[in-house]
Amino acid sequence: MTGDQRRNRRAVLASLGTGAVASVAGCLGDDDGVSSGNPTYERGEVGNVTNGSRNASETSAAGQIAQSEPNTNVTPLDSLSIASHEFVLEDGFRGATVQGTVENDREERVEVAEVRARFYTDGGEQLGLYTDTVGDLDAGERWQFMVVVLLSPSDIAEYDVAVLGTPAS
């Protein structure tokens, strides 16, 4: 099976799973807007990357701000959505990133919001997961996130991204 066939197969399976999760999540959500189940990931393209390598000091600096351990206290929330996202190569130590905007459509504050980005090879193998987190996302507020990625941009063929959160008590 070629890389394109694996990616297409994964995309079909993901779309089938997304529909099932979305229809079930709508039924299983409780009164505070928490969906049961797994987060829904949106696919993103990396494009042609010709550079983006970090030197040793840039790699060390990026390692200080990159987050690769997901928060276990967050869950999909009906009120959080990713309005936009894209793969961006920043100058300097940030290098490879996924940047975008999350919206809180909730009528109440979200205590913690977390964006998770997963990265894949051309063959569909997952290379890693990186996150960005914010606290106290007020009702109606938008958050500009930046997920810093420690992987070599030339190894990344595609990514997907999801948002999770913890409702305020």
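I looked up valine 148 and found that it counts as buried, at 5% relative accessibility (buried means under 20% relative accessible area, exposed over 50% and partly exposed in between, with a 1.4 Å probe and protein chains only). I note that this is a predicted model, in which local features need pLDDT of at least 70, side-chain atom pairs count only at pLDDT 80 or more, and totals for chains, interfaces and linings use all residues. Residues are numbered from 1 along each chain as its sequence is written, and side-chain values use heavy atoms, with hydrogens and water left out.

I placed valine 148 in strand S6, residues 142–148 (strands are DSSP runs of E, at least two residues, numbered from the N terminus). Beyond its neighbours within four places in sequence, I list Arg54, Ala62, Ile65, Ala66, Arg94, Ala96, Thr97 and Tyr130 as being in contact with valine 148 (heavy atoms within 4.5 Å). I also checked glutamine 99, 49 residues from valine 148 along the chain; their C-alpha atoms are 8.8 Å apart.

Next, the rings. I found four aromatic pairs in the structure (ring centres of Phe, Tyr and Trp, the last by its six-membered ring, within 6.5 Å; planes under 30 degrees apart are stacked, over 60 edge-to-face, the rest tilted). Phenylalanine 119 and tyrosine 159 form a tilted pair, because their planes stand at 35°, with the ring centres 6.2 Å apart. Phenylalanine 119 is in strand S4 (residues 110–120) and tyrosine 159 in strand S7 (residues 158–167), so the pair ties together parts 40 residues apart in sequence. I recorded phenylalanine 119 as buried at 0% relative accessible area, and tyrosine 159 as buried at 2% relative accessibility. Ring pairs join Phe87, Phe119, Tyr130 and Tyr159 in a cluster.

Technical notes. Helix = DSSP H or I, 4+ residues; strand = E, 2+ residues; numbered from the N terminus.
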